Amino acid sequence: MTSGSKIFALLLGLSLPWLANASAAEGDAAAQSLIASLGRPAPARTAFAEVRFMKILEQPRVSSGELSWLGGDRLERRVEQPAKEVATIADGEVTQQREGRKPRSFSLNRAPQLQVLLDSFVALLGGDASRLNQAFAIHHDGNAERWTLILTPRDTRVAKVIASIQIDGRGNEPRCMRMQEADGDLAIDLLGELAARMPAAPTREALAALCQGG
């Protein structure tokens with residue numbers, strides 16, 4: 001299953017101050033309030049540049065394009081480089097269209113872990129903290145200038161594919177999303193304006209510096 005089938009969009013906004021040294025109870029309340037503030041009206045679109053570090057490849061694989069939430073449970077990932085490809089989730093189906101090939105579709109019923117991810121991302125985009133908390137253990141840290149949100153799957157089926165998802169941001173803008181897969185592979189997406197700063201020869205260290213505001 002490709003990264004386009006696993007994950008499509010996390011388009012975040014932040015207008016809430018963070019308390020780096022808050023108690024656990026205060027932290028939970030802050031996280032709930034934060035997530036409630038993240039909702040954005042559809043359609044919501046953002047540029048992305050993704051790097052995938054895979055054990056089976058000697059060099060990381062880089063792609064770029066646009067991520068879109070089209071409303072409801074409809075998500076789209078449009079790749080422009082290195083080759084045109086569009087992956088969508090809509091009406092309970094995943095469809096992939098690659099340039100020069102016939103479209104390929106399959107039901108979400110064949111991928112329960114993807115269904116959980118879809119539900120969770122729609123909850124995040126809609127600012128539904130309760131729905132998101134059902135699928136992920138949520139941890140956040142930082143302050144109003146720099147912040148981190150970490151999602152750890154509760155469902156064992158999802159955890160067999162995705163170990164964790166980390167979103168880093170500054171101010172009211174998400175900067176990047178890091179998806180650590182259970183098999184050791186890592187996907188890092190630079191979002192919005194940061195996508196244009198993808199290094200020509202990306203490394204984990206260089207991308208971590210970008211994500212953390214370096």
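Two strands are taken as paired if DSSP finds at least two bridges between them, and the strands themselves (E, at least two residues), like the helices (H or I, at least four residues), are DSSP runs numbered from the N terminus. The model is predicted, so that local features need pLDDT of at least 70 and side-chain atom pairs count only at pLDDT 80 or more, whereas totals for chains, interfaces and linings use all residues. Residues are numbered from 1 along each chain as its sequence is written, and side-chain values use heavy atoms, with hydrogens and water left out.

In β8, Thr152 is the bridge partner of Ala137; the antiparallel pairing of β7 with β8 (residues 146-153) extends over seven bridges. These strands belong to an open, antiparallel sheet of eleven strands, in the order β6-β5-β4-β3-β2-β1-β11-β10-β9-β8-β7. Because β6 (104-107) and β7 (136-142) stand at the edges with a single partner strand each, one side of each is left without a neighbour in the sheet. From one strand to the next, the twist averages 20°. Helix α6 (residues 204-211) packs on this sheet and touches β1 (44-53), β9 (162-170), β10 (173-181) and β11 (186-191), its direction making about 40° with that of β11. Contact here means heavy atoms within 4.5 Å, and angles run from 0 to 180 degrees between N-to-C directions of axes fitted to C-alpha atoms, for helices over the stretch in contact.

The structure holds one disulfide, defined as a pair of cysteine sulfur atoms within 2.5 Å. It is formed by Cys176 and Cys211, whose sulfur atoms are 2.1 Å apart. Since Cys176 lies in strand β10 and Cys211 in helix α6, the pair ties together parts that are 35 residues apart in sequence.
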